[in-house]
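Please look through the sequence and the structure shown here, and then follow the explanation below, which goes from one part of the fold to the next.

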Amino acid sequence: MSAERAPGLLAGDSLNLRLARRSLGLIALCLILLPFADLAITTHDPWAELGRMISGLLRPDILATQSLPHAIALTIGFALWGTLLGVVLGFPLALLFPRSRLLRGSCAFVRAIHELFWALLLLQVFGLSAVTAIAALTIPYAGIFAKVYAEILELTPRAPVDALPEGVGRFSRFVYAELPMVWARLSSYTRYRFECAMRSSVLLGFVGLPTLGFHLESAFREGRYAEAGALLWVFYLMIASLHLWGHRRLLPWIALGSLFLLGPWPDIDGALLWRFVSVDLWPNPLLEGNWSGLWQWFGEIPDLLPAIGNTLLLGLMGTAGSLVVALLLWPLASRHFGNRPTRMAGKGVLILMRSTPELMLAFIFLLMLGPSMLPAWLALSLHNGALIAFLVARHADAIVPGSHALPASSRYTYELLPRLYGGLLALLFYRAETIIRETALLGMLGIATLGFHIDSSFAYLMFDQAFFLLLITAGLNIAVDALARRYRPREIADTPGERGHPGREATC
Amino acid sequence: MRWLVACLLILVSTAATAETFRFTAIPDEDQSRLEERFDKVARYLEDQLGVTVEYVPVKSYSAAVSAFRNDQVQLAWFGGLTGVQARRLVPNSRALAQGQEDAEFRTYFIANHDSDVDTQGDDLPKNVQGKSFTFGAKTSTSGRLMPEYFIREQFGAPPKSLFSRVGFSGDHSRTIALVESGAYDLGAVNFKVWDAAVADGRVDTDKVDVIWKTPTYPDYQWTIRGDVDDRYGDGFTGKVRKALLDMHDPELLESFPRQGFIPADNDDYQPIEDVGEKLGLLR
């Protein structure tokens with residue numbers, strides 16, 4: 001911005017003006033690219049099916065699912081052990097994280113692949129077993145823990161270390177003077193991850209692991225909505241009551257108890273594992289050193305450029321949509337607006353929207369609007385927007401308003417939003433990478449994203465193709481994450497005591 | 001924490017390794033009370049075979065094939081294409097038996113009434129062009145492979161260039177729901193699933209109906225691994241086949257759902273293999 005120019009509408013160098021420019025830029029980019037998206041509405045008569053769904057949700061049949069307690073226990077067991085082993089692996093990595101570029105790269109890579117795709121890969125070797133489920137969570141979580149723990153450790157206050165006498169060993173220094181300073185943040189983030197793991201654990205059921213999601217997906221897919229409704233309620237209750245049963249003292253017992261349910265453990269067949277890693281994942285012509293064959297192999301890969309384009313476009317639209325949804329919805333759950341009953345209802349709606357798997361939201365919109373990018377866009381925007389709104393409302397509740405006399409609309413625009421907006425945008429930019437990852441899951445809408453082709457490759461048992469597409473997806477995610485980091489507002493102060501950083505809690 | 005690890009190690013080391021005979025079935029029909037129903041089949045096989053038999057539930061077609069390939073199941077009730085996939089991956093495995101209906105299986109093309117497609121001709125109506133269309137699961141024989149084959153044969157073009165939009169609903173019941181709601185104009189379904197849905201009143205035939213029935217082709221079959229005779233005793237394959245062919249209890253057959261089972265072998269599925277290769281779904 002040159003100094004001589006008269007300040008225009010959005011010119012100027014203040015933080016909030018910069019944030020406004022970034023947000024409007026995001027939305028403008030989305031609007032410019034919108035004509036490339038396929039947004040036709042084609043449905044004629046969704047009401048019969050929707051009616052059945054609503055009646056199922058209102059009249060859930062809790063007894064319809066066989067072995068429901070077992071499924072619930074496995075959901076929790078997988079989540080708990082996935083998180084636990086993620087910590088065990090991630091923590092030592094976090095100590096090396098700042099020193100090794102290779103490590104940072106590998107962590108970014110394992111993070112960039114969706115849990116479901118990890119599960120699909122591991123399924124080929126470990127079958128439908130607890131090893132597949134737990135490793136599918138542990139691998140990406142180790143990468144996440146390494147990064148986030150490293151960020152938290154970086155902020156360790158120096159004073160206690162400086163106060164130590166000469167000659168204190170590195171280990172003692174770490175255990176007595178550094179770790180206690182950040183313990184609260186580490187454990188609070190770990191807890192948050194466990195909540196994420198619960199959701200992921202349910203999702204693992206969608207590829208066949210026997211969690212709640214297994215029964216939920218089957219019932220929903222086959223239109224047994226009373227059963228699906230009951231399972232959804234169980235899932236909501238599990239998430240909402242986490243603070244009751246997810247107690248620090250109780251969790252080790254739950255972890256131990258769940259061990260007895262996780263078996264039978266598969267015999268790990270070394271030959272199978274080796275064949276998968278050394279042969280199945282690689283293009284045959286490459287292994288044979290046949291270069292012209294490799295060229296032909298590339299030719300058989302389904303239209304890569306449109307797939308990347310669709311993935312990025314949907315990711316952008318989802319991010320911009322989430323921004324709008326979050327701006328509209330956060331007051332629903334904030335103490336600054338409405339009264340107790342409306343807030344309870346508002347919170348309930350937000351929890352419902354952010355907990356319902358996107359795949360289901362997308363299917364409901366698919367019924368209502370017909371196949372196009374529109375259902376996917378709505379599902380991504382509502383799910384992620386609600387999640388961000390929920391967190392923003394919590395940040396808002398920490399603010400003490402200066403004047404109570406203002407009407408609600410002025411409180412929103414002049415008092416609260418300016419203070420919250422940086423945090424909101426930080427959350428959104430953190431979330432962008434997750435949104436891109438999620439576009440992968442919406443292939444059933446007939447939208448040829450990268451995820452659609454990965455799913456096909458797994459179905460056709462062409463693991464080399466699936467692996468290649470996964471590498472591209474991971475690369476894309478890493479690039480988007482770097483871009484989002486570049487534009488993420490950095491000036492936003494840490495909210496101490498809260499999980500350490502305003503953005504981190506939006507990463508699952 | 002230390003004793004958590006200790007307990008884990010104990011559990012891992014005592015994991016049962018007894019030789020149980022396991023089977024699975026691709027998730028193609030009504031999956032409610034699936035375990036209950038297939039556990040009855042397991043009890044029946046146990047009585048006939050004299051070994052412990054267990055049913056392993058799977059979620060997707062490819063999970064069934066992977067389980068078979070990885071020896072997590074030794075016997076599987078596959079679709080036409082999944083069976084071919086499995087037998088190509090596991091040498092010496094063989095098709096044992098098919099349902100009475102499977103020798104002459106069909107796909108129904110269904111259409112939403114508002115889509116104005118001509119109904120019930122000898123061929124797929126010409127004016128399906130430009131409509132939106134959904135397959136079932138990506139590797140379903142009746143929901144993907146054969147309908148795509150017949151579409152290409154009749155129009156000389158891939159579905160993508162023929163229809164305005166091509167989706168994969170993932171499931172036959174879902175195909176019916178999506179076409180009934182008008183989300184897609186047309187869809188291709190397994191004729192058994194359609195007939196069952198109509199019989200149960202789960203589908204409103206004023207909104208969606210059959211517009212074309214494909215010629216017949218071979219579909220579902222039982223496939224067994226080639227190494228079972230070595231592991232469960234000589235002649236085990238024969239015993240399994242006999243047990244399947246002798247299954248006459250309607251309550252057991254309902255799970256598949258078939259009238260009964262008849263002998264089948266790998267060659268019966270050559271047409272499916274040829275089509276799969278032609279469409280690039282096998283390689």
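Predicted model: local features only at pLDDT ≥ 70, side-chain atom pairs only at ≥ 80, totals over all residues.

**A walk through the two chains**

Strand E5 of chain B, residues 107–112, is joined to E9(B) by five bridges, and the two strands run antiparallel. Within that pairing, Tyr108(B) stands opposite Lys213(B) in E9(B).

Another group of strands in chain B can be followed from strand E1, residues 21–25, which is mostly covered, since four of its five residues are buried. E1(B) is joined by three bridges to strand E2 of chain B, residues 53–55, and these two run parallel. E1(B) also pairs with strand E3 (residues 75–78) of chain B, again in the parallel sense and over three bridges. Phe23(B) takes part in both pairings: Tyr55(B) stands opposite Phe23(B) in E2(B), while Leu75(B) is the bridge partner of Phe23(B) in E3(B).

Taken as a whole, chain B has twelve helices and eleven strands. The radius of gyration of chain B is 21 Å, close to the 19 Å that the globule rule gives for 283 residues, so chain B is as compact as a globular protein of that length. The C-alpha trace of chain B spans about 65 × 50 × 40 Å along its principal axes, and 50% of the 283 residues count as buried. Among the contacts in chain B with a separation of 6 or more, 75% are accounted for by residues 24 or more positions apart.

Along the principal axes, the C-alpha atoms of chain A fill a box of roughly 75 × 65 × 55 Å, and buried residues make up 46% of the 508 residues. Of the contacts in chain A with a separation of 6 or more, 77% come from residues 24 or more positions apart.

One residue of chain A shows a local case. Ile41(A) has its place in the loop between helix H1 (15–33) and helix H2 (47–58) of chain A. Is Ile41(A) buried or exposed? Ile41(A) counts as exposed because it has 10 C-beta neighbours inside 10 Å, where the cut-off for an exposed residue is 12 or fewer. Ile41(A) and Leu31(A) are ten residues apart in sequence, and their C-alpha atoms are 18 Å apart in space. If residues up to four places away in sequence are not counted, Ile41(A) touches Leu369(A), Gly370(A) and Leu374(A).

In soluble globular proteins, nonpolar side chains tend to be buried together. Here the largest nonpolar core has 217 residues, and the members that touch the most others are Ala119(A), Ala326(A), Ala389(A), Val392(A), Ala64(B), Ala76(B) and Ile110(B). Beyond its neighbours within four places in sequence, Ala119(A) is in contact with Thr132(A), Ala133(A), Ala136(A), Leu204(A), Val207(A) and Leu209(A).

The walk ends where the chains meet. In the contact between them, 47 residues of chain B touch 42 residues of chain A. On the side of chain B that touches chain A, the elements that give two or more residues are helix H1 (2–13), helix H2 (34–49), helix H3 (61–69), E7 and H7 of chain B. H3(B) gives the most to this side, with six residues. The residues on this side of chain B divide into 18 nonpolar, 16 polar and 13 charged.

Notes: Residues numbered from 1 in each chain as written. Chains lettered and ligands numbered in written order. Pairing = 2+ DSSP bridges. Core = buried A, V, L, I, M, F, W, Y, C linked by C-beta atoms within 7 Å. Buried ≥ 20, exposed ≤ 12 C-beta atoms within 10 Å, placed from the backbone. Contact = placed C-beta atoms within 7 Å. Nonpolar A, V, L, I, M, F, W, Y, C, P; charged D, E, K, R; others polar. Rg over C-alpha atoms; globule rule 2.2 N^0.38 Å.
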